[in-house]
Amino acid sequence: MSTPSYAGTDLDLFAAATRWKSYLRRQVGRDLRGIVLEVGAGIGGTTRLLCRGDHPRWLCLEPDPVLASRLARTIEDGALPACCEVAVGTIDDIPDAPEFDTIIYIDVLEHIADDAAELARAAGRLRSGGRVVVLSPAHNWLYSPFDRAIGHYRRYTTKSLAALTPEGLRLDRLIYLDAAGLLASLGNRLVLSRSMPTARQVAFWDRVLVPCSRRLDPLLGHAVGKSVLGVWRKP
């Protein structure tokens, strides 16, 4: 897995986005089964959101040793379930054998240069009946200085994400999320052009726009949004 330099400066900024995290949990919770591999676990924000402690094993894979060390301390302090463990590296460092029931990439795939090869590697490590879950920012026309600052190679559409379907996996679900947040992203792209949003902007998005999206997204058939969610299944 090839990634650009990434300091993780956005991870703490978005850690307090509790409404968005709750919405994401509602969307992907049913897909998280058995032994889980979380690729690009960062400081454990997604882990804390999605892992409820009822998995036999939850492996947090993080290529940055500083972030991985911070995550390991969080587990040692008991702030994450005991089933969680940390490994430093990329999916290339995981044995090429079908040992996982779920592999997740939450705001991670856009950081990887060869995304198609990455998902092909994930497919080889997935058990029969298992799932790969990807959440990524949507629409290249929204690519902003913020994307560039945190090392995004690209943003996705449902079409471009579907095109990455690896051999041996079947696309199970492909939707957009956060229709209201799309407007905020467009404003940042056209007007503010900030390399990093402020804590106040993140709080407004989470407290005001995300609740709007939870109502709008189903009404719009999940056809519009600033994030795209894909779920693949291995027959």
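Arg-57 counts as partly exposed because its relative accessibility is 24%, where partly exposed lies between buried (under 20% relative accessible area) and exposed (over 50%), with a 1.4 Å probe and protein chains only. The model is predicted, so local features need pLDDT of at least 70 and side-chain atom pairs count only at pLDDT 80 or more, while totals for chains, interfaces and linings use all residues. Residues are numbered from 1 along each chain as its sequence is written, and side-chain values use heavy atoms, with hydrogens and water left out.

**Salt bridges**

A salt bridge is a side-chain nitrogen of Lys or Arg within 4 Å of a carboxyl oxygen of Asp or Glu. The whole structure contains 13 salt bridges.

| Pair | N to O distance |
|---|---|
| Arg-57 and Glu-85 | 3.1 Å |
| Asp-92 and Arg-121 | 2.9 Å |
| Arg-155 and Asp-147 | 2.9 Å |

In the pair formed by Arg-57 and Glu-85, distant parts of the chain are linked: Arg-57 belongs to the loop between α3 (45-50) and β2 (58-62), and Glu-85 to strand β3 (residues 84-88), 28 residues apart. Helices (H or I, at least four residues) and strands (E, at least two) are DSSP runs, numbered from the N terminus. Glu-85 is partly exposed, at 33% relative accessibility.

The salt bridge between Asp-92 and Arg-121 has its partners in the loop between β3 and β4 (100-106) and in helix α5 (residues 115-124), respectively, so it ties together parts that are 29 residues apart in sequence. Asp-92 is partly exposed at 42% relative accessibility, and Arg-121 is partly exposed with a relative accessible area of 25%.

By contrast, Arg-155 and Asp-147 are both buried. Elsewhere, salt bridges with shared partners join Asp-31, Arg-131 and Arg-173 into one network.

**Arg-154**

Arg-154 is placed in the loop between α6 (145-149) and α7 (158-162). Because its relative accessibility is 15%, Arg-154 counts as buried. Its side chain reaches two backbone oxygens, that of Leu-109 at 3.3 Å and that of Ile-112 at 2.8 Å. With contact meaning heavy atoms within 4.5 Å, and residues up to four places away in sequence not counted, Arg-154 touches Leu-109, Glu-110, Ile-112, Ala-113, Asp-115, Asn-140 and Tyr-143.

**Nonpolar surface**

Leu-216, Leu-219, Leu-220 and Val-224 make a nonpolar surface patch of about 350 Å². Patch residues have over 30% relative accessible area and no salt bridge, nonpolar side chains (Val, Leu, Ile, Met, Phe, Trp, Tyr) being joined within 5 Å and like charges within 9 Å. Accessible areas come from the Shrake-Rupley method with a 1.4 Å probe; for residues, only the protein chains shown count as cover. Leu-216 is found in helix α9 (residues 199-219) and is partly exposed, with a relative accessible area of 35%.

Definitions and conventions: A polar contact is a pair of N or O atoms within 3.5 Å; within protein, one must be able to donate a hydrogen and the other to accept it, and residues adjacent in sequence count only if both atoms are side-chain atoms.
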